[in-house]
Amino acid sequence: SPKGEALDEERSKASSRARAKASVRDIALCNRFDWFFTWTLSKDAVNRYDAELVGKKVRTFLRNASFRKNFSYVCVPELHKDGGIHFHGLCNLGDVAVSRAVSPYTSDPLFTKTGQPIYNMTDWKFGFSTCIPIDENYERTVNYLVKYISKDATKVLGKWYLSSRNLVKHPDIKLVD
């Protein structure tokens, strides 16, 4: 059937989601990323419920960061329970700036439950960010990111994921006799 006219829409969506999960996993395993990030959107910066507006702002940020600052990424847009959009992703910062995240109450540096230092991506101007160095459990981090594709059957921004162009997208498999 023609594109967008699947006979079994649920099966088609499930198949599309499975392909996206495999693609994100391939990208993450073919390119070694150093950081896991989360971006949320501040209502003062952008209407986080307007997918078209968020898509424009985020794609412009990503394009500029990639070309001007050598930022590479794969990220998954996700809907909050309240319908607002946020992002989870893996990246190499290039020249994108980060600074140590500190408690607003004590100014003490913040850490994850497992003791990893938390940073903020200071170049992200549309709200809040956390940026955590990926530890030796790289594959666990990859699986954690891929899980965000399975959480919801919605293609936020019309795509399951976004990734920079300068990445290896799938393994180079050679068949040998």
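Me: Which residues lie nearest the centre of the largest cavity?
Reply: V76, P77, Y148, T154 and W160 do, among the 11 residues that line it. A cavity is a set of points, on a 1 Å grid over the protein atoms alone, where a 1.4 Å probe fits but cannot get out; lining residues have an atom within 4 Å of a point.

Me: What kind of model is this?
Reply: It is a predicted model: local features need pLDDT of at least 70, side-chain atom pairs count only at pLDDT 80 or more, and totals for chains, interfaces and linings use all residues. Residues are numbered from 1 along each chain as its sequence is written, and side-chain values use heavy atoms, with hydrogens and water left out.

Me: What is the lining like by class?
Reply: It has seven nonpolar, one polar and three charged residues. Ala, Val, Leu, Ile, Met, Phe, Trp, Tyr, Cys and Pro count as nonpolar; Asp, Glu, Lys and Arg as charged; the others, Gly among them, as polar.

Me: What volume does the largest cavity have?
Reply: About 60 Å³. The volume is the space filled by probe spheres set on the points, which are joined across faces, edges and corners. A search of the whole structure finds one cavity of 30 Å³ or more.

Me: New topic. How many residues are in the largest nonpolar core?
Reply: It has 25, and F37, W39, L62, F71, F87 and M121 have the most contacts inside it. Strand 1 (35–41), helix 2 (51–69), strand 2 (72–79) and strand 3 (85–92) each give two or more residues. Helix 2 has the largest share, five residues. Such a core is a set of buried Ala, Val, Leu, Ile, Met, Phe, Trp, Tyr and Cys residues joined through side-chain atoms within 4.5 Å.

Me: And what does F71 touch?
Reply: Its partners include F37, W39, L62, M121 and N166, not counting residues up to four places away in sequence. Contact means heavy atoms within 4.5 Å.

Me: What is in the second core?
Reply: That separate core has 18 residues, including A20, F36, I134 and L145.

Me: How much of the chain is buried?
Reply: 40% of the 177 residues. Buried means under 20% relative accessible area, exposed over 50%, partly exposed in between (1.4 Å probe, protein chains only).

Me: Where is T122?
Reply: In the loop between strand 5 (119–121) and strand 6 (127–133). T122 has a relative accessible area of 32%, so it is partly exposed. Beyond its neighbours within four places in sequence, T122 contacts A97, V98 and S99.

Me: Is L7 buried or exposed?
Reply: L7 is exposed, because its relative accessibility is 84%. L7 sits in the segment before helix 1 (9–30). L7 and T122 are 47 Å apart, C-alpha to C-alpha, and 115 residues apart in sequence.

Me: Zoom out. What pattern does the chain follow?
Reply: α-β-α-β-β-β-β-β-α-β along the sequence. That comes to three helices and seven strands. The chain's radius of gyration is 17 Å, close to the 16 Å from the globule rule for 177 residues, so it is as compact as a globular protein of that length. The radius is taken over C-alpha atoms; the rule is 2.2 Å times the number of residues to the power 0.38.

Conventions. Helix = DSSP H or I, 4+ residues; strand = E, 2+ residues; numbered from the N terminus. 1 Å grid on protein atoms, 1.4 Å probe; cavity = no way out; pocket = protein on both sides within 12 Å on 5 of 7 lines; lining within 4 Å.
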